[in-house]
Amino acid sequence: CAVYTEKEYRNQGIAGKLLDLAIKDLKVSGIAPIYLVTDHIGFYERYGWEFLCMVQIDDENKMSRMYTHQ
């Protein structure tokens, strides 16, 4: 699953609201902790995500950042 905001709609809090809705929905369903893998630095921390470790996804050679949300 991916969240992407078109350039003209950025900096309006849309992605943050989508993240909040997803987190609330997962927690209501009893799913916690929640994990997220990304290459972005700085964005998810603003929404309560905590860096956990570096991980390798599938057959990719590069490492990505794994975050958790309690």
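Predicted model: local features only at pLDDT ≥ 70, side-chain atom pairs only at ≥ 80, totals over all residues.

Q: Okay, new topic. Which pattern does the chain follow along the sequence?
A: Reading along, you get α-β-β-β. That's 1 helix and 3 strands.

Q: And what about aromatic rings, how many aromatic pairs does a search of the whole structure find?
A: The search turns up 5 aromatic pairs. One of them is Phe43 with Tyr44, an edge-to-face pair with 4.9 Å centre to centre and 90 degrees between the planes.

Q: Is Tyr44 buried or exposed?
A: Tyr44 has a relative accessible area of 11%, so it counts as buried, since the cut-off for that is under 20%. Phe43 is at 23%, so it counts as partly exposed.

Q: Phe43 again! How is its pair with Tyr47 arranged, and what are the numbers?
A: That pair is tilted, with 5.2 Å centre to centre and 50 degrees between the planes. Tyr47 itself is partly exposed, at 25% relative accessible area.

Q: Which residues form the aromatic cluster?
A: Phe43, Tyr44, Tyr47, Trp49, Phe51 and Tyr67 form one cluster.

Q: Zooming out, how much of the chain is buried?
A: Buried residues make up 24% of the 70 residues. The accessible surface is about 5,500 Å², and 54% of that belongs to carbon and sulfur atoms.

Q: Last one: what box do the C-alpha atoms fill?
A: Roughly 35 × 35 × 20 Å, taken along the principal axes.

Definitions and conventions
Residues numbered from 1 in each chain as written. Heavy atoms only, no water. Helix = DSSP H or I, 4+ residues; strand = E, 2+ residues; numbered from the N terminus. Buried < 20%, exposed > 50% of the residue type's maximum accessible area, 1.4 Å probe, protein only. Areas by Shrake-Rupley, 256 points an atom, 1.4 Å probe, with all protein chains shown as cover. Phe/Tyr/Trp six-rings, centres within 6.5 Å; stacked < 30°, edge-to-face > 60°.
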